[in-house]
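My notes follow in the order in which I took them.

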Amino acid sequence: MDTVFIQGLKIDTVIGIYDWERKIRQEVVLDIEMSADISTAASTDHIDQALNYKDICKRLRSFVSDSEFQLVETLAEEICQIVIKEFGVQWVKLKLNKGEAITGAEGVGVIIERTKDQ
């Protein structure tokens, strides 16, 4: 299995459980790894045969930017489901970093893996 990745995708969104968090936009950073068989794309050198990471980024920017979840866990799950269902990926690993949400920490968040069969 080959892996296509997106690293450091920054998106502003409303996320959090506290009243003050519901009134502001915060940056989340996504690192995504996705299963893909790149052999056909490599042999044809054509984007139609590839897992188009530009399209994935565009879809996730739109979704995350418009979302207003309380928990990073919920947002992460929804992102993985979009990647699997809309882009035909069999496996996805997502790191969702909420940044400096905790004083003294460079980042906090979740890392989850999902498969098509889950």
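I started with pockets: on a 1 Å grid over the protein atoms alone, a pocket is an open set of points where a 1.4 Å probe fits, with protein on both sides within 12 Å along at least five of seven lines, and lining residues have an atom within 4 Å of a point. Grid points are joined across faces, edges and corners, and the volume is the space filled by probe spheres set on the points. By that rule I read about 250 Å³ for the largest pocket.

Ground rules for the entries. This is a predicted model, where local features need pLDDT of at least 70 and side-chain atom pairs count only at pLDDT 80 or more, while totals for chains, interfaces and linings use all residues. Residues are numbered from 1 along each chain as its sequence is written, and side-chain values use heavy atoms, with hydrogens and water left out.

Pocket, continued. I found 15 residues in the lining, with Ile 17, Glu 21, Val 72, Lys 98 and Ala 101 nearest the centre of the largest pocket. Helix 3 (72-87) and strand 4 (109-115) each give at least two residues to that lining.

Fold. I took helices (H or I, at least four residues) and strands (E, at least two) as DSSP runs numbered from the N terminus. The protein has three helices and four strands, in the sequence pattern β-β-α-α-α-β-β. The C-alpha trace spans about 50 × 25 × 20 Å along its principal axes.

Whole-chain values. I used buried for under 20% relative accessible area, exposed for over 50% and partly exposed for in between (1.4 Å probe, protein chains only). Of the 118 residues, 36% are buried. A contact here means heavy atoms within 4.5 Å. Of the contacts between residues at least 6 apart in sequence, 58% join residues at least 24 apart.

Met 34. I located Met 34 in strand 2. Is Met 34 buried or exposed? Met 34 is buried, with a relative accessible area of 0%. Setting aside neighbours within four places in sequence, I listed its contacts as Asp 2, Thr 3, Val 4, Ile 6, Leu 51, Ile 56, Val 83, Val 89, Trp 91 and Val 92. Lys 93 lies 59 residues from Met 34 in sequence, yet the C-alpha atoms are 6.5 Å apart.

Glu 27. Strand 2 (residues 26-36) also holds Glu 27. Glu 27 is partly exposed at 39% relative accessible area. Not counting residues up to four places away in sequence, Glu 27 touches Lys 10, Ile 11, Asp 12, Asn 97 and Lys 98. From Glu 27 to Asp 2 I noted 25 residues in sequence and 29 Å in space, C-alpha to C-alpha.

Asp 45. I found Asp 45 in the loop between helix 1 (39-44) and helix 2 (53-66). Asp 45 is not a glycine, but its phi is positive, at about 55°. Asp 45 is exposed, with 71% relative accessible area.

Leu 71. This residue sits in the loop between helix 2 and helix 3. I recorded Leu 71 as partly exposed, at 40% relative accessibility. Beyond its neighbours within four places in sequence, Leu 71 contacts Ile 15 and Ile 17. Leu 71 and Gly 109 are 38 residues apart in sequence and 9.5 Å apart in space, C-alpha to C-alpha.
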